[in-house]
Amino acid sequence: MDHGVVLPEREVSGLVVARVGRVEATTATTLPWVVLDSAGRPITPASEFLRELLACGNTTASCRSYAFGLLR
């Protein structure tokens, strides 16, 4: 819906976003991908979400995609 509001252009080419954490594959069938924090510890809410995603019939490839989305 357009309310006539014009947002200014933003220059983002020089934007630097710190990379914190990572996504890693696991050997667990109930959680094939895990999102880790900067110290290498699993992020519990992300793991719970990914387990639920798989329990609802989604593929491991979808789990991987969501894990990277959660990391971002």
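**View 1. Helices α1 and α2 cross in a right-handed way.** A crossing counts as right-handed if the near helix is turned clockwise from the far one by less than a right angle, and left-handed if anticlockwise. This is a predicted model, where local features need pLDDT of at least 70, side-chain atom pairs count only at pLDDT 80 or more, and totals for chains, interfaces and linings use all residues. Residues are numbered from 1 along each chain as its sequence is written, and side-chain values use heavy atoms, with hydrogens and water left out. Helices here are DSSP runs of H or I with at least four residues, strands are E runs of at least two, and both are numbered from the N terminus. The axes of α1 (residues 44-55) and α2 (residues 60-71) come within 10 Å and cross at roughly 155 degrees (axes are lines fitted to C-alpha atoms, for helices over the stretch in contact, with angles from 0 to 180 degrees between N-to-C directions). That makes the pair roughly antiparallel, a label for angles over 145 degrees. On the α1 side, the contact (heavy atoms within 4.5 Å) is made by Ala46, Phe49, Leu50, Leu53 and Leu54. From α2 come Thr60, Ser62, Cys63, Tyr66, Ala67 and Leu70.

**View 2. Twelve residues make up the largest nonpolar core.** Such a core is a set of buried Ala, Val, Leu, Ile, Met, Phe, Trp, Tyr and Cys residues joined through side-chain atoms within 4.5 Å. Look for Val23, Leu31, Trp33 and Leu50, among others. Leu54 is one of the members; leaving aside neighbours within four places in sequence, Leu54 touches Thr29, Thr30, Leu31, Pro32, Thr59, Thr60 and Cys63.

**View 3. Ser47 sits in helix α1.** Ser47 is buried, at 6% relative accessible area (buried is under 20%, exposed over 50%, partly exposed in between, with a 1.4 Å probe and protein chains only). Skipping neighbours within four places in sequence, Ser47 is in contact with Leu31, Val34 and Pro42.

**View 4. Leu71 belongs to helix α2.** With a relative accessible area of 28%, Leu71 is partly exposed. Beyond neighbours within four places in sequence, Leu71 is in contact with Val20, Gly21, Arg22, Val23, Val35 and Leu36.

**View 5. Val16 lies in the segment before β1 (22-25).** Val16 is exposed, with 73% relative accessible area.

Technical notes
Angles under 35 degrees count as roughly parallel, over 145 as roughly antiparallel, 65 to 115 as roughly perpendicular and the rest as oblique.
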